[in-house]
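Let's take a friendly look at how two chains meet in this model. Please keep the structure open beside you as you read.

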2 protein chains.
Amino acid sequence: MFAKTPDPPYYAVIFSSQRTAGENGYGVMAERMFELAPEQPGYLGVESARDVDGFGITVSFWNSLEALARWKRNSEHHAAQEQGKSRWYEHYRIRVSKVERVYAKSN
Amino acid sequence: MFAKTPDPPYYAVIFSSQRTAGENGYGVMAERMFELAPEQPGYLGVESARDVDGFGITVSFWNSLEALARWKRNSEHHAAQEQGKSRWYEHYRIRVSKVERVYAKSN
């Protein structure tokens, strides 16, 4: 569940979203995106949690803004983004950020 | 659930964590931290989701690294951090990042 990211700096895309009611093919798309993203150059990992009320945060990690821009333009991902806007998400916010420091506890 | 953050730049603290089994006073502490953080100078908001397996992501937003450093040193928060390490979290990672761009869908 924890992404094995390298030492910073790298980029984090913080995707916060509220799901619409109903499944509408969301699960299959989400699974496909979790498969597809790791095939992209510059992908560093992903972490994701969604609560019982359908509010979720997914953070994906990238080694450069160029890698992120390529992923945004990926045709399958682009189609998913369009469906996301129209069907799957009531509301979302995407914040592109640069990770500068990391602290951890590992057991 | 969505934080009303200003236009970037600002800072996002991405706190990913896996809860230990058992409650152990976690809920009271978490609620108190959600009360206390908004009283701090430089606080901009928080978003949080935890899934049924106890994996969660909480992102808090701050207007400067100084504001964030002050919050880290806050005495009640500091005590909560210590309990977090010893009792509430199996594993966690804290990534301090600078938000550069934001995209949103609002309904």
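## Where the chains meet

In this predicted model, 34 residues of chain B are in contact with 34 residues of chain A. On the chain B side, the elements giving two or more residues to this contact are strands E1 (10–19), E2 (43–50), E3 (55–62) and E4 (89–105). E4(B) gives the most, with 17 residues. By residue type, the side of chain B that touches chain A divides into 16 nonpolar, seven polar and 11 charged residues.

## Strand to strand

If you look for E4 in both chains, you will find the two strands joined to each other. Strand E4 (residues 89–105) of chain A and E4(B) run antiparallel, with 13 bridges between them. As one example of the pairing, A:Arg95 stands opposite B:Val102 in E4(B).

## How the copies are related

Chain B is superposed on chain A by a rotation of 180° with 0.0 Å of shift along its axis, at an RMSD of 0.0 Å. The two copies are therefore related as by a two-fold rotation axis. Both copies use the same surface, since 100% of the contact residues of chain B recur in chain A.

## The nonpolar core

The largest nonpolar core has 36 residues, and A:Tyr11, A:Ile14, B:Tyr11 and B:Ile14 have the most contacts inside it. E1, E3, helix H2 (65–73) and E4 of chain A, along with E1, E3, helix H2 (65–73) and E4 of chain B, each supply at least two residues of this core.

Leaving out residues up to four places away in sequence, A:Tyr11 touches residues including A:Phe61, A:Trp62, A:Leu65, A:Leu68, A:Val96 and A:Val99.

Note on methods:
Residues numbered from 1 in each chain as written. Chains lettered and ligands numbered in written order. Predicted model: local features only at pLDDT ≥ 70, side-chain atom pairs only at ≥ 80, totals over all residues. Contact = placed C-beta atoms within 7 Å. Helix = DSSP H or I, 4+ residues; strand = E, 2+ residues; numbered from the N terminus. Nonpolar A, V, L, I, M, F, W, Y, C, P; charged D, E, K, R; others polar. Pairing = 2+ DSSP bridges. Least-squares fit on C-alpha atoms with pLDDT ≥ 70 in both. Core = buried A, V, L, I, M, F, W, Y, C linked by C-beta atoms within 7 Å. Buried ≥ 20, exposed ≤ 12 C-beta atoms within 10 Å, placed from the backbone.
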